[in-house]
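Trainee: Could you walk me through reading sheets, helix packing and a few backbone details in a model like this one?

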Amino acid sequence: MVRERELTIIAQDPGVRANGRILTARVILPWEELSAGPRGSRVHVVDYDSSTHTLYQPLPPDPEEGDRFRHASGPELISNPHFHAQNVYAIVMRTLQRFEAALGRRVSWSFGGHQIKVAPHAFGLANALYSREHEALLFGYFPAARGRGVVHTCLSHDIVAHETAHALLDGLRERYRDPSSPDQAAFHEGFADLVALLSVFSLPEAMAAALPRRAPRAGWNLRENAALGLARQFGRELSGLRSQALRRSVALKPSRRLLQRPEFQAPHRRGEILVAAMMSAFVAVWQRRVDALQLGTRKQVADEGAALAGHLLTMAIRALDYTPPTDIAFGDYLSALLTADFEAARRDVPFGFRAALRRSFARFAIAPTSAGTGTSAAAAEPGLWVAADQERGTQLGGNLDYGRVHLEALQRDPQEVFNFIWDNRGPLRLCDQALTRVQSVRPCVRVGADGFVLRETVAEYVQTIEAEAGELAHLSTAVRKPEAMPDSLPVTLYGGGVLVFDEFGKLKYHIHNSLQNGPRQSRRLDYLWRSGYFHPGFQPGWLELWRQGSKP
Amino acid sequence: MKPIAVTVRMYDVGFGDCFLLTVHYRRAQARHVLIDFGTTAHPREREFELLMPIAEDIATRTAGKLHAIVATHRHRDHIGGFVPFPARKAPGAVIARLEPELVVQPWTEDPAVPEDALSPAATRRTAQALLQLVDQQAEMHPLVRQEIMALAQRNLPNRQAIAQLAKLGEARRYVRAGQRSGLEVVLPGVKVAVLGPVASRRRRRAGKLPALLAIPEPGLRGTNALWRPDQPLFPGHAEWRGVATLPTRWLRNRIHDLHAEQILSLTRAFDADINNTSVVLLIEAAGQRLLFPGDAEEESWTAMLGRKGVPEKLGGVHLYKVGHHGSANGTPDALWQRLPRHGGMISMLSTQLGVHGQVERGTEVPRQSLVELLAQESQLFDTRTLRRCRELSVAVELAPGAPPRTLEQ
């Protein structure tokens with residue numbers, strides 16, 4: 001029997017109260033033998049404060065009675081650093097567990113080590129951040145407004161989940177931090193915010209606290225009664241600094257013009273659009289379920305909302321396996337969302353999330369990258385990536401050469417995958433002039449549409465070309481450099497793809513941003529040129545740098 | 001009265017700015033405007049030693065009469081020289097005796113503006129708190145420490161200089177983008193466009209800095225029992241202070257590094273906020289366009305270039321005072337793309353290497369690659385060359401239909 005550990009966390013942040021008490025929740029995590037810290041196989045909490053040069057005593061290993069903070073009072077939770085250590089450990093582990101369950105495999109940190117270090121009181125700064133270079137999540141603290149004590153960012157569920165999501169996304173798609181396009185710059189922030197929101201929303205305790213005690217006479221209007229109420233609760237403790245982003249995301253009114261507006265070219269603001277599109281779909285599905293099931297009580301509505309938030313969170317994470325490894329655009333992510341869910345459940349029932357997502361994204365003028373023009377009726381659902389065996393014209397699936405491939409090696413060996421890519425560089429339409437590297441090969445377990453367990457393999461490759469700007473016109477990709485760009489300027493082009501192999505080692509999907517897509521490469525160079533990326537001493541604006549790590 | 005020529009003289013003040021603009025008329029005496037007068041030399045005696053001959057040179061060249069002063073912004077390397085005492089030895093006293101008619105400053109210095117995040121009192125609190133933070137961080141890398149301290153000290157308001165500027169001049173103008181500077185009155189026939197500062201969200205953002213730096217609100221420290229920046233948050237749980245044990249040492253050192261970087265990035269932001277209050281002037285005289293941007297940085301330029309007609313005007317600039325001592329942020333790409341190239345422009349750079357930023361981080365001031373670009377694409381004058389030749393200043397005279405003429409000391 002699988003052993004579990006149940007731990008108390010703060011459901012949202014200490015400013016959110018129920019009956020005058022800090023709202024807490026209990027989360028269930030897989031059992032592991034913890035050392036003091038807590039220090040487990042994936043997370044090591046080190047409570048060191050660089051502002052005061054203080055190391056706090058680590059949380060001792062589990063006591064006999066289990067969760068030692070189950071009955072602790074609010075003031076005790078706030079004033080005991082051992083609880084802070086438990087809170088960050090539990091939220092980081094819960095987020096990690098969500099990713100692993102959704103993807104059907106272990107998920108690695110990007111830095112190669114096994115244990116991410118987490119410092120709940122790293123410094124006296126109103127900031128929290130993930131640092132790949134430091135292999136750590138660091139949470140700051142700062143004085144509350146009007147002298148009301150100290151605000152600990154490590155006690156805000158959304159902040160901890162947000163930073164953990166950055167770390168996990170970085171482990172799955174390391175090239176998403178590259179300068180590329182407004183969408184890619186925004187994706188990291190938007191995705192981390194999405195994980196943070198859905199992580200909180202998936203707690204029935206947090207959901208219930210945001211709902212009116214009694215069902216409204218006119219029936220539940222969840223956008224008004226719940227989503228905005230929850231959003232308003234974010235950041236009560238945080239002096240209204242960064243938490244505005246979460247609040248704005250939920251409240252953002254759909255418009256097809258938002259993506260073009262100047263203020264939404266900045267990564268953090270643009271990320272809000274992605275979150276808004278997802279949350280709008282969430283509220284629509286939730287409302288439909290509440291109406292269809294005729295849910296009346298607050299508990300029923302909250303439980304349904306929490307379950308749907310958990311489901312959407314799984315979808316959001318699972319989609320990552322179906323995103324191209326470089327230069328992501330919001331439309332790519334939408335196609336990935338739809339395809340990943342289609343692979344898990346061929347029919348869009350009972351929730352209808354795919355239809356809701358299509359509608360919601362369309363209201364923000366985000367169209368799926370794939371037209372979904374597969375040859376079979378099953379794959380003809382709009383927006384899905386086209387499966388390898390259904391590509392019109394190319395008949396990719398039928399033209400592939402598996403002669404040198406050994407199934408066992410293909411499921412875990414990057415060299416074997418590279419052999420496959422090399423032998424099939426023609427049908428896969430790879431750029432022959434580029435350097436190609438297989439970044440990862442990840443076997444994963446999924447439950448198929450028929451309920452049987454499937455063992456699939458997801459491999460990522462990246463292609464790069466380093467050239468001088470003047471040479472670009474002569475490439476087979478025919479990339480146009482910005483007019484004013486000097487011919488001698490060195491530039492790097494990226495492309496890459498994800499290869500999803502089925503349980504028999506046959507290619508199921510090839511999801512890629514081709515290096516040979518001249519218009520896309522030209523657009524990217526133009527964006528980087530206009531952003532001053534090639535200007536001497538280019539640095540992102542300070543606010544961007546700060547927001548990369550900033551929560552408040 | 002129609003100007004026939006204009007001269008811009010750049011003085012070597014080390015790391016700082018001092019420019020004397022002279023407008024020549026056919027049938028009238030030349031008129032003079034001093035744009036900034038400061039340095040970051042230490043200590044004060046050394047500063048006087050450096051600035052006194054410059055003040056005397058200005059007095060000589062202006063024949064004892066200065067028509068206007070432009071104090072672009074509050075930083076010491078721009079206004080520190082105006083301090084007028086001790087009366088005999090201070091360069092500021094020499095300048096005061098030139099009886100300027102008009103003093104132009106950014107709107108943020110207007111005493112009538114209510115105290116906000118950019119007011120001298122608020123910036124003093126932030127700067128002092130930064131110095132205190134640095135003081136508490138014994139582990140901080142010396143180069144990072146040096147940069148934070150330099151920036152923080154630069155931002156300690158120069159109360160004496162500010163007070164002196166408030167007394168100088170028969171008229172004072174506190175300007176923002178689009179307003180009249182008042183210089184048109186003292187410089188007949190000259191057009192002056194105030195491009196910056198653009199009144200903006202700068203004030204709100206700067207207001208957040210103390211909170212981001214975890215600096216308690218003034219007056220609350222005594223009442224806030226939980227907040228003591230120099231004491232452990234949870235004294236009863238402290239295992240040790242100051243000494244690292246093996247399992248945590250790896251992270252401990254890295255947290256300190258990252259903490260220092262965070263403080264540095266916020267300090268730079270704080271500094272940039274003040275830089276972005278710079279008065280930015282586009283002066284047109286004798287058919288010549290002169291751009292004096294003070295220390296305006298990228299964000300200020302983004303706002304300025306977003307204003308109607310501004311980008312077009314920059315295409316015809318004849319002389320560019322290189323912004324912010326040659327930092328990459330001072331001449332952002334968006335500005336650089338609009339300035340004339342291929343030797344069609346004169347650029348004047350007042351700077352000193354080794355005061356701000358680090359070469360290995362690509363943050364050095366002046367940014368080497370920018371200097372190379374300026375040298376390739378414009379006719380560059382650099383105070384570092386003056387220093388090597390032991391010259392006090394260099395001037396360029398611009399007149400319609402004639403090539404620029406360099407006037408040595």
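Mentor: Gladly, and keep in mind that this is a predicted model. We can begin with a sheet in chain A, where four strands form an open sheet in the order β12-β13-β14-β15, with antiparallel pairing.

Trainee: Which strands of chain A are the edge strands there?

Mentor: They are β12 (435-447) and β15 (507-513) of chain A, each of which pairs on one side only. On average, and ignoring direction, neighbouring strands of this sheet are turned by 15 degrees against each other.

Trainee: What holds the strands of a sheet together, in general terms?

Mentor: The general idea is that strands pair through backbone hydrogen bonds, in either a parallel or an antiparallel way. Here, β14 (residues 490-501) of chain A and β15(A) pair in the antiparallel sense, over six bridges. To find one of these on screen, pick Val498(A): its bridge partner in β15(A) is Ile511(A).

Trainee: How many strands form the open sheet in chain B, and in what order?

Mentor: Eight, running β6-β5-β4-β3-β2-β1-β14-β15 (chain B), and the pairing is mixed. At the edges stand β6 (171-175) and β15 (402-407) of chain B; each has a single partner strand, so one side of each is left without a neighbour in the sheet. From one strand to the next, the twist averages 20 degrees.

Trainee: In which sense do β5 and β6 of chain B pair?

Mentor: Strand β5 (residues 102-106) of chain B pairs with β6(B) in the parallel sense, over five bridges. Val103(B), for instance, has Arg172(B) as its bridge partner in β6(B).

Trainee: Which helix packs on that sheet?

Mentor: Helix α1 (residues 44-61) of chain B does, touching β1 (3-11), β2 (18-25), β3 (31-37) and β14 (393-399) of chain B. The direction of α1 makes about 5 degrees with that of β2(B).

Trainee: Now to helix pairs. What describes two packed helices?

Mentor: Two quantities do: the angle between the axes and the distance between the axes. Take α8 (residues 267-293) and α9 (residues 298-318) of chain A, whose axes come within 10 Å and cross at roughly 140 degrees. The two helices α8(A) and α9(A) are therefore oblique to each other, because an angle has to be over 145 degrees to count as roughly antiparallel. The crossing of α8(A) past α9(A) is right-handed.

Trainee: Which residues of α8(A) and α9(A) meet?

Mentor: From α8(A) come Met278(A), Phe282(A), Val285(A), Trp286(A), Arg289(A) and Val290(A). They meet Val301(A), Glu304(A), Gly305(A), Leu308(A), Ala309(A), Leu312(A) and Ala316(A) in α9(A). Sorted by class, this contact has ten nonpolar, one polar and two charged residues.

Trainee: What is there to see in the loop between α8 and α9 of chain A?

Mentor: Look at Gln294(A), which lies in that loop. The phi angle of Gln294(A) is near 55 degrees, a positive value in a residue other than glycine.

Trainee: And where are the cis peptide bonds in chains A and B?

Mentor: One joins Val349(A) and Pro350(A), with omega about 0 degrees. Pro350(A) sits in the loop between α10 (330-344) and α11 (353-363) of chain A. Another joins Val365(B) and Pro366(B), again with omega about 0 degrees. Pro366(B) is found in the loop between β12 (346-349) and α13 (368-377) of chain B.

Trainee: Zooming out, what does the domain assignment of chain A give?

Mentor: Domain 1 (4-172), domain 2 (206-363) and domain 3 (402-549). The C-alpha centres of domain 1 and domain 2 of chain A lie 25 Å apart.

Conventions
Residues are numbered from 1 along each chain as its sequence is written. Chains are lettered from A and ligands numbered from 1 in the order in which they are written. This is a predicted model: local features need pLDDT of at least 70, side-chain atom pairs count only at pLDDT 80 or more; totals for chains, interfaces and linings use all residues. Domain bounds come from an automatic or database domain assignment. Two strands pair if DSSP finds at least two bridges between them. Axes are lines fitted to C-alpha atoms, for helices over the stretch in contact, and angles run from 0 to 180 degrees between N-to-C directions. Two residues are in contact if their C-beta atoms, placed from the backbone, lie within 7 Å. Angles under 35 degrees count as roughly parallel, over 145 as roughly antiparallel, 65 to 115 as roughly perpendicular and the rest as oblique. A crossing is left-handed if the near helix is turned anticlockwise from the far one by less than a right angle, and right-handed if clockwise. Ala, Val, Leu, Ile, Met, Phe, Trp, Tyr, Cys and Pro count as nonpolar, Asp, Glu, Lys and Arg as charged, and the others, Gly among them, as polar.
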